[in-house]
Amino acid sequence: MNLNFWKQAKPTESLKSCIKVFSYREFRGELGEVAFIKFFFRNARALRTASISMANPSFMTFSMDEATCKAKQASNNMASRSCEMVLLGSTGPEGGSPWSFKRGTDYSFEDPFSAALLNSSSDV
């Protein structure tokens with residue numbers, strides 16, 4: 001799916017005005033991924049925090065540097081001027097320690113991007 005596909009799909013009202021946190025896992029830098037991220041960032045006006053976690057380099061068709069460059073370029077022209085974006089590397093088979101089903105379904109904490117949660121490895 002390229003950028004034209006996403007332009008024709010048109011953003012929903014929730015994308016434009018409600019979504020404040022965006023997390024993309026296993027980014028490889030492929031054309032469809034870049035198009036989606038561009039579309040998302042250009043339309044998400046309420047976005048405050050975004051994280052893009054790279055795939056394990058052994059599963060990527062591009063180098064980590066190329067994929068990182070593509071992610072940064074895709075985030076140019078963000079609709080939200082106050083969004084902070086983080087790019088995370090990976091060496092794990094499924095993206096490394098930030099990925100945890102247990103943490104992903106635990107709604108007892110306020111900040112899903114808390115460094116203490118990301119650095120904890122007891123439930124990975």
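**Fold and local geometry of the predicted model**

The protein contains six helices and three strands. Helices (H or I, at least four residues) and strands (E, at least two) are DSSP runs, numbered from the N terminus. The model is predicted: local features need pLDDT of at least 70, side-chain atom pairs count only at pLDDT 80 or more, and totals for chains, interfaces and linings use all residues. Residues are numbered from 1 along each chain as its sequence is written, and side-chain values use heavy atoms, with hydrogens and water left out.

From the N terminus, the order of elements is α-α-β-α-β-α-β-α-α. The protein has 124 residues, and 31% of them count as buried. Buried means under 20% relative accessible area, exposed means over 50%, and partly exposed lies in between (1.4 Å probe, protein chains only). The accessible surface is about 7,600 Å². Carbon and sulfur atoms account for 53% of that surface. Accessible areas come from the Shrake-Rupley method with a 1.4 Å probe; for residues, only the protein chains shown count as cover. A contact means heavy atoms within 4.5 Å. Among contacts between residues at least 6 apart in sequence, 73% join residues at least 24 apart.

The three strands form an open sheet in the order E1-E2-E3, with parallel pairing. The edge strands are E1 and E3 (84–88), each of which pairs on one side only. Neighbouring strands are turned by 10° against each other on average, direction ignored. Axes are lines fitted to C-alpha atoms, for helices over the stretch in contact, and angles run from 0 to 180 degrees between N-to-C directions. Helix H3 (residues 31–43) packs on this sheet and touches E1, E2 and E3. The direction of H3 makes about 170° with that of E1. In general, strands of a sheet pair through backbone hydrogen bonds, either parallel or antiparallel. Here, two strands are taken to pair if DSSP finds at least two bridges between them.

Strand E1 spans residues 21–27. E1 is mostly covered, with five of its seven residues buried. E1 and E2 pair in the parallel sense over five bridges. Phe-27 has Met-54 in E2 as its bridge partner. The chain crosses from E1 through H3 to E2, and this β-α-β crossover is right-handed. A crossover is right-handed if, with the strands pointing away from the viewer, the path from the first strand over the helix to the second runs clockwise. A further bridge partner in E2 is Ile-52, which pairs with Tyr-24.

Strand E2 covers residues 49–54. Five of the six residues of E2 are buried, so this strand is largely enclosed by the rest of the structure. The chain then crosses from E2 through helix H4 (residues 64–74) to E3 in a β-α-β crossover that is right-handed. E2 and E3 pair in the parallel sense over five bridges. Ser-51 stands opposite Val-86 in E3. Ile-52 stands opposite Leu-87 in E3.

Backbone torsions pick out two residues. Glu-26 is found in strand E1. Glu-26 has a positive phi of about 60° although it is not a glycine. Glu-26 counts as buried because its relative accessibility is 18%. A polar contact of 3.4 Å joins the side chains of Glu-26 and Arg-25. A polar contact is a pair of N or O atoms within 3.5 Å; within protein, one must be able to donate a hydrogen and the other to accept it, and residues adjacent in sequence count only if both atoms are side-chain atoms.

Asn-77 lies in the loop between H4 and E3. Phi of Asn-77 is near 65°, a positive value in a residue other than glycine. Asn-77 counts as exposed, because its relative accessibility is 57%. Asn-43 is placed in helix H3. Asn-43 is buried, with a relative accessible area of 18%. Asn-43 and Asn-77 are 34 residues apart along the chain, and their C-alpha atoms are separated by 9.6 Å.
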